[in-house]
Each structure stands twice: as structure tokens, then as C-alpha cells.
Amino acid sequence: MTPVARITRDEVAHVAGLARLRLTDEELERFTEQLGTVLDHAADVASLDLAGVPRTAHAMAVTNVLRPDEPRPSLDREEVLRSAPAVESNRFRVPRILGDAP
Amino acid sequence: MTDVRRADQDGAGEAWEMVVGLEVHTELKTATKLFCGCANLFGDEPNTRVCPVCLGLPGSLPVLNQRAVELAMAIGTALHCEIRPSTFHRKNYFYPDMPKDYQISQYDEPINVSGWLELPGGRRIGIERAHLEEDTGKTAHAGASGRIHGAEYSLVDYNRSGVPLVEIVSAPDMRSSAEARAYAAELRAILVACGASDGKMEEGSMRVDANVSVRRGPDAPFGTRCEIKNLNSLRSLGRAVDFEARRQIALLESGEVVVQQTRHWDEGEGRTVALRSKEEAYDYRYFLEPDLVPVVPDPAWITAVGASLGPLPGERRARLATLVAGALPAGAGGSPDPGVGADLEGAPGVSDADQEQISTVVDLGLDGLVTAAVEGGIPARLALARTANEAATDAAAAAGLDPRAYTSLLAMEVAGSLSATQVKAVLHDLLAGGGDPAELARARGFEAMADGALVAVVQEAVDSHPAEWDRYRGGEEKLAQFFVGQVMKATRGQANGKAVVAELERLAAR
Amino acid sequence: MTEAPGTSPGPAASAAAIAADVRSGRRSASAVTEQSLAAIAAGDGEVNAFALVTADSARRRAEEIDARVAAGADPGPLAGVPVALKDNLCTRGVPTTCCSRILDGWCPPYDATVVERLAAAGAVVVGKSNMDEFAMGSSTETSAFGPTRNPRDTSRVPGGSSGGSAAAVAAGFTPIALGSDTGGSVRQPAALCGVVGMKPTYGTVSRYGLVAFASSLDQVGPLAATVADAALLFDIIGGHDERDTTSLDRPAPRLASVVDQGVDGMTIGVLAEYLEGADPAVAGRIAQAAEVLAAAGARVEEVSVPEVRLGLSAYYLIAPAEASSNLARYDGVRYGLRVDAEDTVEMNVATRSAGFGAEVKRRIMLGTYALSAGYLDAYYGQALRVRTRIIDGFAVAYERCDALLGPTAPTTAFELGAKLDDPLSMYLSDVCTIPSNLAGHPAISVPFGTGSDGLPVGAQVLAPALAEATMFKVAAVLEAGAPVGGAA
Ligand SMILES: [Mg+2]
Ligand SMILES: [Zn+2]
């Protein structure tokens, strides 16, 4: 594998945007440093030659776990909406949406 | 048949060719959602079909619906796909109608790959994949416009969240808006035939996105494409594809470039407009869904699902075409050979008009009625015409019609005991509430016409128009239509034209 | 708070003994519950093991159990046993916050499967225990409710992230507790607090209702004062659950009765790599533990699984990657905190920026980065290949060994605040626990003497997938042979 360059401040800012987080300048500075340190440590993994090694995403290999198509009771709406920060007409209310769904 | 068509509607002379690929999302007709036991129903009271799983509550986990997998496999079988071991990924992006802020979807290992769909004209359109994924909730926009832009705020209902979808991605094989429409129509018929979908585009249970690009002729490399969303009818699809191709051609001819983007079809304005999205480029960060395990269909399972499929639209159209061709007088179209069903589409003797009626009947799943009627002795063309033109007006009711009642109604028309107009009226009653056609006819007073009353009415028409009667008796056969008209007027359309003519002939011969 | 008659403060009796007393009517569940609540009231001001004490519902529940006993019914194998639940286990109508501001006050409309199973066994939940925010941490210092302190020395951390559950057992507040273990979060605090903590084979305990951190690694695990109690608790929470696709379709475990069958004839490998970075006193205890096993009839040999050295790096790519996705749903729309703003994107950003603490933000960003276009294969993809190598490495060791032995943590409990601003050094305290999560294998930490500072040392027993029975037998021998007090 090719070695990966150290994470930059701009990349941290970009990643924060993808994750819907806002960082102060001070946080941006600190996180860039800290993520850099952790990723440096991970460089041993990134630089290994593991061509041909399969990936393990599930520790236990199981397949075809399926559920019969039988209805189960849904939740009580009052209980569901009680947790909501804002409700109107039995729906979850959110501020204006500027962009279309991708 | 149709290989290449030109996109240049203005006839500018450039050999522009449009290239269209469609992505169709169809909701599956399951009892429950894809990953939870909530009922797959909406139009219900908002947020009443929700549970921890489809609301994405912390700690909840998805469990895959077996029926949804089998419907996906049925679609794959019908589209001649390879049905493969498959996995689910998470497609990560934030949007308020998506409760987990990721969509569970099949990504690099979809359940169906590499198939094809044959258009009624015989051309094959490639199917790249048909994969399973979950639907999102529904957002209503508050404020003057009721649309997303300019809304002050929005309201979210998660009843639809987690409803199973199959996304069917075609190859970029279509070359005209007509082909795109034909593909969508045929796909819809196949989905309905599989029992996978109700195929209602207008209600959103089948949603079509079109990828459109243009190029200078069939050998040129593909151009930059745009994806058009919000095509909720075949008509919109056709119009949008034509508009978009013209827009791209105009850009290119004026030396500009096509920018790859997602566009929205504005039905009212009749044009596509670029979608507004946030500045951030979407980076979905796909990774294997750790909460689900692979689906590995074994050959026995695939075979069982395939065996449960009824005949598909192409085969069913061929079967009707055989009936129609078989009904031709000898010499008009050759004798039908039952072994060459599919070849009869477009065969001599089966006209374009027949073909259109056949398609209507098959798309609506009413071919069983036609077949039953023909087996009951009704001429194929009559059975086809009544089904495509009359029964089809209420397809849902027609699908529930008793084939024996339908056949006996058409038999009355054949026998001349009811006129075409009367048969249509009785069919209307039959669709509305069922029952015995003879009784329904009697209730409308049609039976009286059949035994005796007609004789009196015809006699009266003859007596009132002696001059015309003399000319008719003298050989002017076209005057028969005059008398039929008089009788129809007197009976307010309830008489059987053939019976009137028969009575005229009887009187004249006396 | 009044003390129940006939009880005295100090370490709680074993869960098995309490349940036997309550089932036979020798003691009431109410008296046991009062004793637990009294101990909490007396000691938790200092320890802060609980995010929430559910005294009223615990008392009602205890009365119910007593009524059932009085009516001649059997409330189950945990009848009247007080239990602490880590605050990432959903409890219907009872706040479940993962000790994060973003879930402040959230009451789930459903119970986790393990919570249902505890209730069916007659246990009495006395509260939700403190934890690192969203289980991200190794010291229980990142909790929105303030840090938990180690009952053995309150200037020290209890370990984490299930530090509240480990401290509750160590302080004698409850005889048993549930935690969750994604990279060592049950075993490491168990070791640092001097109690037993176990991570089951992935898939043997349902994750339904466990708020996800890293889904492919998370397992709920028992904490207890004794190995036998840990086995009993595992028997109750384990077994197939159709609501968790990754739950293995196997009969429920029944291990409480096999725990004391000994290790005679077993081969146990001392895992060389786990001793490499260990404090010498900790390493000395492990050598002593090996002697105990040999004396009990096991063949003990040194083994090497070099692949485990890559575990930490792989883990700190995989776990944050999954977490970045699992924690996306905290967006201010449906539940939990909302910080209002002009539009939905700004609302999401304001809510998440205010609601998550620094460690959670760090891991979300690390994971988002590891999954993002351009780095996916170099980081996340490589980490998954390393995972395969670790599984293969363990497989080689298990061709010769029935179980492996090593320290649970490289050091004893560290001072509060010592590693809080140095993420990498904090992450290194999980170096000996992470490989079992990556492999999906079971592992258990058993108290085995103390280090040079007089603080507890945990001996860790690792076993192949589904070999919990072997693991518990080894653990019980270590428990019986553990040195009492004194430096190594
Ligand atoms: Mg899709
Ligand atoms: Zn649901």
C-alpha cells in the first residue's frame, strides 16, 4: 500500500462538515494534531502489503438470516412524539430544508 | 426494430443521438417493511406505522424481510438477471426524512445483475442491476408554496420509512423518448405480473429517474449525462427526456458544455431545472452494514421463486396474438402455429390496433378474461375489444370479474340478443356490483327488446316511413341504416342493430 | 436512608447466594434492595458509579418479587438480585443517555433484550451506571455526568468505558452489573477495579437495545464479584434473539454449573505479545497465574500471535468508522437534544456540536475520514484485512492451546486526568483487549493480586469462538488461586 500523507487542517475541516460538526479554530488545531498522531500510529496498517487477504467485516460468518413477512404492532404515537424536540400535526417539525435530498 | 433515432427534433441535420438509461425504484407489495414488522401501508395517520427500527431509535437493529428478498429475486428472474449472493451497505448522508441518517442499500454486491428486458417491438434493453434498499419517510413543507423551496419549515412522517424498494438500473441502451416510455411501461407490466408492485407511478409506488446524454451519432463516445428526477408518469418521462436532450444539444451546438448534474422535471413549466443541493460534494462513505449478514440464495430457492412466477407480459401478449391470428379467416394471415408464439407479435394478421389492445389487456392483467371468453366460444377480436376498451376502464373491478359471467355477457352480443350498446351498459353494471348478466340485462329492460317488442317497434318504423320502406324493398340496402336509426331513436339506443336488420329482412321477404 | 435490618456494609453477597435466599424466603428482595440502595446512598457521592439511581422502581419491583415468593411462585435464578445497567442499555420509560448531553432525558419506548431477560430472571435494576460518553473511552472520564472514581483508590480512574458498572460491583453497591465491550470496555474496568468482567463470543448475547458504538465489535457482557456469578449472568442474558440478525441461532448457554470443573489436561498458552508493553509488576502476576494453572494440571506454554500487534491500529479505524455512521442519527430531529437554527443543516450542526463531547467528536471525525473517498481502502479496507490476519493468527495458536493467558491491561488504574488529553496513550490501555473484539472471540478478566501500587491486576483468559465453557473453567482456577494482597 502507498503511505498516506498526514491529515491536514483543511481535511479535518472537510471531515467535520461531512459529519455535521462545527469546530472552533482552537478545536480544529487540536483535533488536527490528535488525529494526525492516531493516524500515524495506524500507518503500520495502511502500509502493510495485504494483497490477497480477504476482508473481515463480520466476526462470525452467518448468512440468510430472514424474518417472516408478518406484521407486528407499531409503537404508540404519543410515546414516539413525546421524545421529539418539535411536533406539529403529529409530525416531526424541522426548520426549513435548503437542499434537495441527494 | 428501433435501433437508432435522432434526437434533433428541429431537424437541424446534425446526427445527434440521445442516450437514455433509466433507474426505476419500485416499492414492493409486502405486508411489512424491509427491516421491521411495521405494516407496509401508508396514507394512514402520520407516524402510526413506526417502531424503534424504522424510526432509527438508538439500540434498534434491522432484520431482513424474507418476502422482500423473494420479490427481488422474482424481479431478477423476470428480467433474466443472474441472481447472486448479496450484501447490504450503508449509504451515509444526512437528511431529515432518513431516520438513521444512512440508507441501507445494496451496493457492490446486488442480488440481481446482468439481465435484459425485451420491448414489445423485440429490442432488448440491458439491465445492469436490480437491488434491494429501504425507502425514506415523507416530508411535507409548510408555507405558501407547499414546496421545499421557500417553505418556512417542514414536517416529517416516517410511515413510509423502511418500506422495501427494488431499484432497477438499465444500461444506457435507449435511443429515444419513445423507447424510454416503452421500457418503463414494459417494466411496469413485468413488476405487476411478478406480484412485486402495483405499478402506480402517479402514487409514487414506481418512481423513474432518467439519465440522459447526447452524442453525435451511434459511434461517438457517450456525452456527459444529467439525471432527471420526479418523473411520475410515462408522459412526463417522454417529455422530460425530449426536453433534456434538446437542452443538451442546444448547449453543445452553441459551443458550451453539459455539466453533470441532477435535474428536476417541472411538469407545469415543461422543463428540467438543476436541483439545489448543499455545497458539500456528496461522499456517501459506503461500508458493509454490520447489522446485517449476506443473503446467499441457493439454486433450490432461486428455482422455487422462479417456479412461482406466472407467465410474463411478453409471453402473455404472444398468447393473445395467437388467439387473434387464429381467428383470422384462412388465407388472411396464414394459419397460426402454436409453437411460434412470440413470433406472432407483429406477424401479418395481427394489426397495430390489435397489438395496442393486446398490450392494454396484458398491462392491466386482464388477459385471463379474454382467454376465458375465447375458450367459451367468443370470437377473439370481440373479446379483446370489449376487454381493452370497456373492461379496462375499471381495471381493478375487471380483475375481480367472474370469467363465466363475462363470457355469457359477450355470448349475448354474439347471439344478437343484446346490442353492443346494451352489452356495454350491462358490463358497466357487472363491474360495479357483479351479478348475473341476464338478470342485469332484464333489470335494465333489455330483455323485452329481445323477445317481441322489437318486432313491434320495427313495424312501427316501417309504417311511419312508407316511401323509405318501398325504396328499401326495391333494393336500396343502405336504407337499412335509416330504419336502424329510427328504431334506435324509439328505443333510446337499447335495440340490437343486427336484430333490427334481421327483422327488416324478414319483413321485406314476406 | 435507613439501613435494612440485619445487614452490614461491605462487599455484597454473591448473586447466586442472594437469589437462593430470596427464592427460599430466607431473605426478602426488599431487604436486599434496601441494602443495595443504602450502600449506594452512602458511597456513590464519592464513586459516582451511577448516572441514575432508580430507587422507587427498584423498591416496587422488589415488592413484586416478594409477593410472588409469598404466593409460592419462583421469580427466577436472579430473584431479588440488585443489578446495575450500563446507561447504553435501553430501558423503557427510564432515561437512557449513554452519558451524553445529546441524549439528555431520552426515555426509550422499549427495553433491550438483555433487560427483558434480566427482568424475566427476577433481577432488580437499581440504576443506570456511568460510562464514557457513547462508550468511547477507557477511563469513564468522558461522561456528561462527571467521572467515576475507582472504589479501590478514588484518585484513580475505574477504567472504561463500563467504569460505572465495574465500580458498582467493586464498591459492593450491586453484586452484578451489565456493561458493553467493544474494545475491552467490560474487561479493562473489571481489571482496574478488581472484579470479574467478561466479553462473550460475538453473537451470543443480543445487541437489540444496546445503543450501538461499533456494531461489528459490540457485545454486552457481565460484571460480577465472582467467576460463578459472571457465568450465571451470562447464562441469563445469552442465547438467540430474532431481533438481532447477528445473534447466533444456538441454545442459551448453561455454564454456571461447569465453572468449577478445573483445567486438568488443558493446554494454556501465555500470550507473549501481551506481556511486551506490560508493567513489570503486572507481567509478574501473569507469570504467577501461569504457575497456578500449571499446578492445577494444565500444560502451560508460551505462544506468540504476532498479528495482535496490529490490533490497536485496526481497531482505531474500524470502530470509529462504524461509530461515525451509528452516531449520525443524533441530528436533533426525532429525539434528544436540539439546538435550534434557521435551517435543518445548521440545526444538525449546532445540535451535534453542542451535544457531543470532545472524544466522541474525535472518533466521529476519525471514522468519517477513514471511510471517506480516497482513504477508504488505505485505512478501512486495510483494517478489515488485518482483522482477517488476527483471526488467522489466533487460529494457529488454538491448534495447540485450549485457551490463552495474558494481562487484561498493561498497567493498573491510572490517575484521573492523566491521559485525558492524550488520546493515543489512552487508546494504548486497550491494547490487550482489542484483538478479542476484532476476532469475535470470548475473553474474561479475573482479579489476580495487585501491582506494585497495591491496585488490582486483572488476568485475562482468551478462548476460541464459543469456547466460553473452557474460558470459565480457567478463570475459576485463577480466581481460586489468586494471591491475597501484597505486591508481586
Ligand atoms: Mg437507490
Ligand atoms: Zn417499524
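Predicted model: local features only at pLDDT ≥ 70, side-chain atom pairs only at ≥ 80, totals over all residues.
I began with burial: of the 102 residues in chain A, 43% are buried (under 20% relative accessible area, with exposed over 50% and partly exposed in between, 1.4 Å probe, protein chains only). Residues are numbered from 1 along each chain as its sequence is written, chains are lettered from A and ligands numbered from 1 in the order written, and side-chain values use heavy atoms, leaving out hydrogens and water.

Next I looked up the fold. Chain A has 3 helices and 3 strands (DSSP runs numbered from the N terminus: H or I of at least four residues, E of at least two). Along the sequence I read α-α-β-α-β-β. The radius of gyration of chain A is 22 Å, well over the 13 Å from the globule rule for 102 residues, so chain A is more spread out than a compact globule (C-alpha atoms; the rule is 2.2 Å times the number of residues to the power 0.38). I also got the C-alpha box along the principal axes, roughly 55 × 45 × 25 Å.

Then I turned to the partner. I found 52 residues of chain A in contact with 69 residues of chain C (heavy atoms within 4.5 Å). The buried area between chain A and chain C is about 5,400 Å², with 66% from carbon and sulfur atoms (accessible area, 1.4 Å probe, that two parts lose on being put together, summed over both). On the chain A side, A:Arg20, A:Arg55 and A:Met60 lose the most area to chain C, together 12% of what that side buries.
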